[in-house]
Amino acid sequence: MFFSSALLGRKRPVGRRASALLSFLVATAVGFIPGPRLDDGAPPAPESTVTQPSPKASAASGGDDAGPGNDVSWPQCSADLPDDPAFAIVGVNNGLANTTNPCLHQQLDWADDAGGGTGQPPLALYVNTANPGLRGSWWPTNNEYGGKVVANPYGDCRGKEDAACAYMYGYAKAFDDAYLRTISEPGTYLWWLDVETGNSWSGDRNANRADLEGMTDFFHSIGASVGIYSSARQWGQIVGEVGSASSLYTLPSWLAGARSAAQANDMCSAAPLTAGGQVVLTQFVAGGFDYDHSCI
């Protein structure tokens, strides 16, 4: 199996939801007290835009004996979600990298019914990503975050729009996702990085890669698994080719863009987003809903 047995067998922790107060205390304990941080730009439309969700679409087949999974987030906050998905992926943010999905815990409760048995974790999370630079209302000025000095492979961040500060921005957003979004036991999840052109990105693909490496390195530091969600076109535009020395190189790929279950099955043989990775998921649309086909 591509994922560890511990990840494949896990449900949400017995304690279930962490409160906002608990997350605040966790952040304070490591020396970090959050403030408002709003990136410029409107929430992006996902690669597969959900407009008219229908629970009847849950009968669609993804080509796997166990059936397809579903991914949901803020666009589905008022929707009736599909019954008994084979696996579930829940978006943590509200369309931007520095926000919280307003119905996160309702959707996590729904995900408790996910069956598993597809090679995928019964429940995974995904987060929005961005590299806004000085256009955003917050940008790092040093290598300190979360009450510690971060080992930055790109050198010292001094507030410039360069790879060093982009790495720290990505690290900070992942820290916030883990500790400020009321996720219980964040190190036990697979976290998908949602990389789309709808968010703010630098014209420097090296800096964008550093940003995503910062996120990946943080999640790895707490014991979490990481994957990349994108399309080949968007990934090429934002990041481009990734070398073997990058922490992104071996990450699994979740490919967007299929228009049917059959097309999603065919996409399993497409090239991964990084040369050292593997396509483990593909996404398609049925009845206005996002469905996910397991390739493993």
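Some ground rules: residues are numbered from 1 along each chain as its sequence is written, and side-chain values use heavy atoms, leaving out hydrogens and water. As the model is predicted, local features need pLDDT of at least 70 and side-chain atom pairs count only at pLDDT 80 or more, while totals for chains, interfaces and linings use all residues.

Let's start with helix α3, residues 104-111. Helices (H or I, at least four residues) and strands (E, at least two) are DSSP runs, numbered from the N terminus. Is α3 mostly covered or mostly open? Mostly covered: six of its eight residues are buried, meaning under 20% relative accessible area with a 1.4 Å probe, protein chains only. Among them are Leu104, Leu108 and Trp110. The cover over these buried residues includes β1 (69-72), β2 (88-91) and β3 (123-128).

Now look at His105, also in α3. Why does His105 count as buried? Because its relative accessibility is 13%. Its side chain makes a polar contact (here a pair of N or O atoms within 3.5 Å, one able to donate a hydrogen and the other to accept it) with the side chain of Thr182, at 2.6 Å.

On to the cores. A nonpolar core is a set of buried Ala, Val, Leu, Ile, Met, Phe, Trp, Tyr and Cys residues joined through side-chain atoms within 4.5 Å. The largest has 61 residues, and Val90, Trp191 and Phe219 are among those with the most contacts inside it. Helix α4 (residues 163-179) gives the most to this core, twelve residues. A second, separate core of twelve residues includes Ala124 and Trp254.

Terms used:
Buried < 20%, exposed > 50% of the residue type's maximum accessible area, 1.4 Å probe, protein only. Contact = heavy atoms within 4.5 Å.
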